[in-house]
Amino acid sequence: MTEKALRLGTRRSKLAMAQSGHVAEAVSRVTGRPVELVEITTHGDVSREHLTQIGGTGVFVAALREALLRGEVDFAVHSLKDLPTQQADGLTLAAIPVREDPRDVLIAAGGAKLADLPRGARVGTGSPRRMAQLNAYARAHGLELETVPIRGNVDTRIGFVESGELDAVVLAAAGLNRIGRADEVTDFLPAETVLPAPGQGALAVECSAGDAELIAALSQLDDPQTRAAVTAERSLLAALEAGCSAPVGALAGLLGDGQIVKEMRLRGVVGTTDGSRVVQMSTTGPVPQTHEQAMALGRELAAEMLARGAAGLMGERAQ
Ligand SMILES: NCc1[nH]cc(CCC(=O)O)c1CC(=O)O
């Protein structure tokens, strides 16, 4: 007798399907049960408005969560960076699997790197965080870049470079890896230049908080180090009282001495979208052993950034 399939709610985009397919396989492997993909359309998929205009935080996530709460699906996979920092009532993040490359990357015409983009180059990104850091980099290095707001799925965005409409676009390495287009990357942007979105590159597997058996099964996919890092990053974001469309970057990682991991370093950045003012800071502490310790690391850095005027830089728009 075969066991009943677990239903995985997913968006229909190529990226979402790739992420869901990958997690479906892993869940099937650890539970021995078949996993069936159930497609769900979200407001973020149908709206032609800019993300920042339709409320930013969580537009892609709401419909999946409603399906979970109505019991239409058993679990869902989200890009962690698209998840609001506030915990959803009745749901839990049962697993945060090992994170992929968290970096942002450039796909530029002619194989260009960021540092050698031509004068006046048009760089597409709809993210205020990316705009702020690209413009700050351009100012510091005497480059003349024009950041151009775009949206659409990953293929659409790369299409702006292929058509010659833009000189470059900035995207997440993880998304390109997942849809099999990583070979088109022309420059990997180091964290010193562009800090990724909190949680970028990580997935979150969410299910009902009441389903103890399913939580136990899914938790086999959890990676505690990834969870500690992204928890610190998201705690920083929450403590800055910013949403996923705010110009906030964060990245936590382990600092080690050979094989011995000693500390976790959390870096954060906030800036005006025109890059004229940026607060970038980091803090280091013992590797968090509990959720609360990871949260505390994020709050500490947020307090230091707020003391340096971070609040005044959020919500501002470049002219
Ligand atoms: N903003 C949409 C989005 N959400 C997650 C990813 C990529 C995968 C990830 O960061 O985990 C992307 C595309 C991008 O920013 O290039």
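Predicted model: local features only at pLDDT ≥ 70, side-chain atom pairs only at ≥ 80, totals over all residues.
Val-248 has Val-270 as its bridge partner in β12.

- Three strands make up an open sheet, in the order β11-β12-β13, and their pairing is antiparallel.
- At the edges stand β11 (248–257) and β13 (278–286), each with a single partner strand, so one side of each has no neighbour in the sheet.
- From one strand to the next, the twist averages 20 degrees.
- β11 and β12 (residues 260–271) run antiparallel and are joined by 10 bridges.
- As background, strands of a sheet pair through backbone hydrogen bonds, in either a parallel or an antiparallel way.

**The helices on the sheet**
- Helix α8 (residues 224–239) packs on the sheet and touches β11 and β12. The direction of α8 makes about 145 degrees with that of β11.
- Helix α9 (residues 291–307) lies across β12 and β13, and runs at about 145 degrees to β13.

**Around the ligand**
- The residues around the ligand include Ser-79, Lys-81, Asp-82, Val-154 and Gln-200.
- β8 (168–172) and α6 (173–179) each give at least two residues to this shell.
- Sorted by class, the shell has 4 nonpolar, 4 polar and 2 charged residues.
- Where does the ligand lie relative to domain 1 and domain 2? Domain 1 (6–97 + 202–222) and domain 2 (104–188) both contribute residues to the shell, so the ligand lies between them.

How values were computed:
Residues numbered from 1 in each chain as written. Near = placed C-beta within 6 Å. Helix = DSSP H or I, 4+ residues; strand = E, 2+ residues; numbered from the N terminus. Nonpolar A, V, L, I, M, F, W, Y, C, P; charged D, E, K, R; others polar. Domains from an automatic or database assignment. Pairing = 2+ DSSP bridges. Axes fitted to C-alpha atoms, helices over the stretch in contact; angles between N-to-C directions. Contact = placed C-beta atoms within 7 Å.
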